[in-house]
Amino acid sequence: QGQLVESGGGLVQAGGSLRLSCVASGSFFSIATMSWYRQAPGNERELVATITNRGTTNYADSVKGRFAISRDNVKNTVYLQTNSLKPEDTAVYYCNARYYSLGDKTYWGQGTQVTVSS
């Protein structure tokens, strides 16, 4: 339930969009709380967006109105749609899965690089 693989990062111009994907292996994706974090050079890793097993979403103030997190429990995939990208969005974006019911286990993907040029 803890194998996560991100994809969809790349180089885009300011104002552009990317859709990041995170595919989870295992049989317990539907009960996981899924989140996207990001980390820019010299910065702490910060929480960007969260979606619970019930579909409740939360966003960092810096991305509200621009990013959208969603999940597909059939495909075992969580998405982060990033719109109106700004250079300050440049970071490595990491997928996180947290299983509160399975010993409160947490798993991380390896990250996907998002670079936004001005």
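I started with the contacts of Val5: leaving out residues up to four places away in sequence, Val5 touches Ser21, Cys22 and Val23. Contact here means heavy atoms within 4.5 Å. Before going on, I noted that this is a predicted model, so local features need pLDDT of at least 70 and side-chain atom pairs count only at pLDDT 80 or more, while totals for chains, interfaces and linings use all residues. Residues are numbered from 1 along each chain as its sequence is written, and side-chain values use heavy atoms, with hydrogens and water left out.

The cut-offs are under 20% relative accessible area for buried and over 50% for exposed, with partly exposed in between (1.4 Å probe, protein chains only). I also checked Val5 against Tyr94: the two are 89 residues apart in sequence and 9.2 Å apart in space, C-alpha to C-alpha.

Val5 lies in strand E1, residues 4-7. Strands (E, at least two residues) and helices (H or I, at least four) are DSSP runs, numbered from the N terminus. Next I looked up the sheet: an open one of four strands, ordered E1-E3-E8-E7, with antiparallel pairing. Its edge strands are E1 and E7 (67-72), each pairing on one side only. Neighbouring strands in this sheet are turned by 15° against each other on average, direction ignored. For that angle, axes are lines fitted to C-alpha atoms, for helices over the stretch in contact, and angles run from 0 to 180 degrees between N-to-C directions.

E7 and E8 (residues 77-82) run antiparallel and are joined by six bridges; two strands pair if DSSP finds at least two bridges between them. Ala68 has Gln81 in E8 as its bridge partner.

Another antiparallel pair I looked up is E9 (residues 91-99) with E10 (residues 105-108), over four bridges. Arg98 stands opposite Thr106 in E10. The hairpin of E9 and E10 has five residues between the strands, and there Gly103 takes a positive phi near 70°.

How many aromatic pairs does a search of the whole structure find? It finds two. In the pair of Tyr99 and Tyr107, the ring centres are 6.1 Å apart and the planes are at 75°, so I logged it as edge-to-face. Rings of Phe, Tyr and Trp (its six-membered ring) pair if their centres lie within 6.5 Å, with planes under 30 degrees apart counted as stacked, over 60 as edge-to-face and the rest as tilted. Tyr99 is buried at 1% relative accessibility, whereas Tyr107 is partly exposed at 23%.

Arg45 lies over the face of Tyr94, 3.7 Å from the ring centre, and over the face of Trp108, 4.8 Å from the ring centre. The test wants NZ of Lys or CZ of Arg within 6 Å of the ring centre and within 35 degrees of the ring normal.

Last, two threonines. Thr33 is in strand E4 (residues 33-39) and is buried, with a relative accessible area of 11%. Beyond its neighbours within four places in sequence, Thr33 is in contact with residues including Thr50, Asn96 and Tyr100. Thr112 is in strand E11 (residues 112-117) and counts as buried at 9% relative accessibility.
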